[in-house]
Amino acid sequence: MRRIIAFLKEYRNSMPGLMGLGIMVFFMVSAIFAPFVAPYDPHQMYKPLEHPNSDHLLGTNDIGQDILSELIYGSRVSLFIAFFVSAVSCIIGTALGLLSGYYERMGFFLMRIVDGFLAIPRLPLIIVIVAFLRPSIWNLIFIFILFGWPFTARIIRSEVLSLRNRPYVDAARMLGARDFYILGRHILPNVVPLIIVQLIIEARHVILAESGLSFLGLGDPTAKSWGMILHYAFEYPTIFISEIWKWWMLPPGLCITFTILSLMFISYSLEELINPRLRGVTRV
Amino acid sequence: MNRITKIISYITLIILILTFNFFLPRVMPGDPLSFLTGSPTMDMPIVLDEEMRAELLAYYGLDKPLLQQFYDYMLGILHGDLGWSIYFGAPVSDILTGALKWTLLLVGTATAIYIVLGIVLGAISAWNRGSKRDVELLTFVLSISSFPSFFLGMLFIILLGVNLSFFPISGAQTPFAEYSTPFEAALDTFRHLLLPAMTLVIAHIGGIYLLMRNSMLNVLGEDYILTARAKGLSEWYIMHKHAMKNALLPIITMIALRVGFLISGTIFVETVFAYPGVGRLLYDAVTYRDYPLLQGAFLIITLVIITANFVADMTYAHLDPRVKHE
């Protein structure tokens, strides 16, 4: 507990970190309370292509849906996918990373699989698979998890390899502690900071990948994520030559950008805390 | 790992990808001939009766045993046969070779700028660590590289292309243009290249910048930097000869990985700018559910990325004497 408070105190000093957290809280709140915050049902149709006015603050799209409501509900879809995927792939990656760091033979085989995953370019592969599957949220989530865990597993493993031979682990082993007890009690707590950073980084990758796939038209057409809104805006013929881009294309794009920015700031500040060398204090 | 095992592992990887490409349409749910009949959303879905089906299956060799199909497929790939594009009505390999030169031009230009700019900015930032300039640069670079490439591209099109009419907004050359000199043609190509390349670089610069900055910060904490200072060497000399060189070495393979991301990024950038490269073809293939073209484009993009990684791996062995003598 004391460690957490000290950690938070340190984090408070990081300006980008606080900014990132602020933006994230804003989007989280709008995602959680979407039904209360959004003025309309995002699927309800009104007069199409209305310019922003007092009824529709950001106008309506080509089939008459309120864009502001779409954005607010979109934060739900985008953030849910991002954090669900990153949580599950971090759990899988951590478990496999711990085991493969601790048991050498298993680690060897697992790391060959990880090598394969990391060597194959992720994005084109995901695009092709999704194009063959039916586009649905759960298909996307499944595929992102499938390609998400190897990174975490690799990072956790290399950390476990260095922790495994620390004196206190040897001591625990000599006292007769079983492997799983050592892993859970002595090694896992030491990799928690790494896991958190990895969680944030992975969430960023997923947001980017999901919005990218949606932009290419491979998203779930029934779930409006920010990327999907952007996709429909891009497909609209006169988007580049009329005024409508200002309220149809710009807001979802900025939502994606600010989410990525906030995750980037948060992960950077956390990494700085974990690795003091990055803080720019010269070592003597 | 010595050179031969490396080469073997790359060959294995390519075989793995070819195998994946072969099995993908075969293990996915649905009809193996669905690539012919198109998606149900197509304007005129083609309906096949039993006899036609059997005939088509025989024509594509889909009634043969799987192993035989696989052998034929591999043989076809070696002969440059990637199938027939439904949408364009032409061999996939012909369409792709036409597009590849544009993708390579775009990727080559962007990669060169990306690597140099990222390394220089990262080094400057690390060198001024903790100072105002470092914080400003860090915030700035992280901010601009938070823009997803497709969104940034759309913004560039509207702000620089449409509003200022300073840049052409689509294509790789002006359609139907007649050039009097090769120089004019090059200029036109360059003008079309600039915005997509800029978009690619800006959207990806954060990764390489942070990588270089972190690696450089680690190096700057080393004792030999202190020694160099104590010897009274000039700051400029220390930064170039001692810090940058040593900071670059451990991250070369990671840089190659980022270049891979950048190449993947051309899919979005080419789509937004209607740049006639392989990435744009991938998008067309997705839109029109043209599966042979989709698989061909995927194969080419993947091979380009793997080649880039391979080159980086081989260069690394040349640069690091410790690896070379192993």
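Mentor: A definition comes first, since we will need it at once: a salt bridge is a side-chain nitrogen of Lys or Arg within 4 Å of a carboxyl oxygen of Asp or Glu. Please also keep in mind that this is a predicted model.

Trainee: OK, which residue forms a salt bridge with Lys6(B)?
Mentor: The partner is Asp313(B), and the closest N and O atoms of the two are 3.9 Å apart. Lys6(B) belongs to helix 1 (residues 3–27) of chain B and Asp313(B) to helix 13 (residues 291–319) of chain B, so the pair ties together parts that are 307 residues apart in sequence.

Trainee: Is Lys6(B) buried or exposed?
Mentor: Lys6(B) counts as buried, because its relative accessibility is 13% and the cut-off for buried is under 20%. Asp313(B), at 11% relative accessibility, counts as buried too.

Trainee: What about Arg112(A), which residue does it form a salt bridge with?
Mentor: Arg112(A) pairs with Asp115(A), where the closest N and O atoms are 3.0 Å apart. The two both lie in helix 5 of chain A, 3 residues apart, which is about one turn of the helix. Arg112(A) counts as partly exposed at 40% relative accessibility, and Asp115(A) is partly exposed as well, with a relative accessible area of 27%.

Trainee: Which ring does Arg112(A) lie over?
Mentor: Arg112(A) lies over the face of Phe108(A), at 4.8 Å from the ring centre.

Trainee: Rings, then. How many aromatic pairs are there over all chains?
Mentor: The count comes to 27 aromatic pairs over all chains. One of them is made by Phe117(A) and Trp149(A), whose ring centres are 5.7 Å apart and whose planes stand at 65 degrees, so the pair is edge-to-face. Phe117(A) is in helix 5 (residues 104–119) of chain A and Trp149(A) in helix 7 (residues 137–163) of chain A, so to speak two distant parts of the chain linked across 32 residues.

Trainee: Is Trp149(A) buried or exposed?
Mentor: Trp149(A) is buried, with a relative accessible area of 10%, whereas Phe117(A), at 24% relative accessibility, counts as partly exposed.

Trainee: How is the pair of Phe215(A) and Phe234(A) arranged, then? What do you call it?
Mentor: It is a tilted pair, because the ring centres of Phe215(A) and Phe234(A) are 4.9 Å apart with the planes at 45 degrees. Phe215(A) lies in helix 9 (residues 179–215) of chain A and Phe234(A) in helix 10 (residues 226–235) of chain A, so the pair ties together parts that are 19 residues apart in sequence. Phe215(A) counts as buried at 0% relative accessibility, and Phe234(A) is buried with a relative accessible area of 13%. Ring pairs also link these two with Phe150(B) and Phe268(B) into a cluster.

Trainee: Switching to the two chains: how many residues does the contact take from each?
Mentor: The contact takes 43 residues from chain A and 50 residues from chain B. Between them the chains bury about 4600 Å², with 79% of it on carbon and sulfur atoms. Phe151(B), Met154(B) and Ile158(B) supply 13% of the area that chain B buries against chain A, more than any other three residues.

Trainee: How many salt bridges are counted between chain B and chain A?
Mentor: The count between chain B and chain A is 0 salt bridges, although 4 residue pairs are found in polar contact across that interface.

Terms used: Residues numbered from 1 in each chain as written. Chains lettered and ligands numbered in written order. Predicted model: local features only at pLDDT ≥ 70, side-chain atom pairs only at ≥ 80, totals over all residues. Heavy atoms only, no water. Phe/Tyr/Trp six-rings, centres within 6.5 Å; stacked < 30°, edge-to-face > 60°. Helix = DSSP H or I, 4+ residues; strand = E, 2+ residues; numbered from the N terminus. Buried < 20%, exposed > 50% of the residue type's maximum accessible area, 1.4 Å probe, protein only. Lys NZ or Arg CZ within 6 Å of the ring centre and 35° of its normal. Contact = heavy atoms within 4.5 Å. Buried area = accessible area lost by both parts, 1.4 Å probe. Polar contact = N/O pair within 3.5 Å; in protein donor to acceptor, adjacent residues only side chain to side chain.
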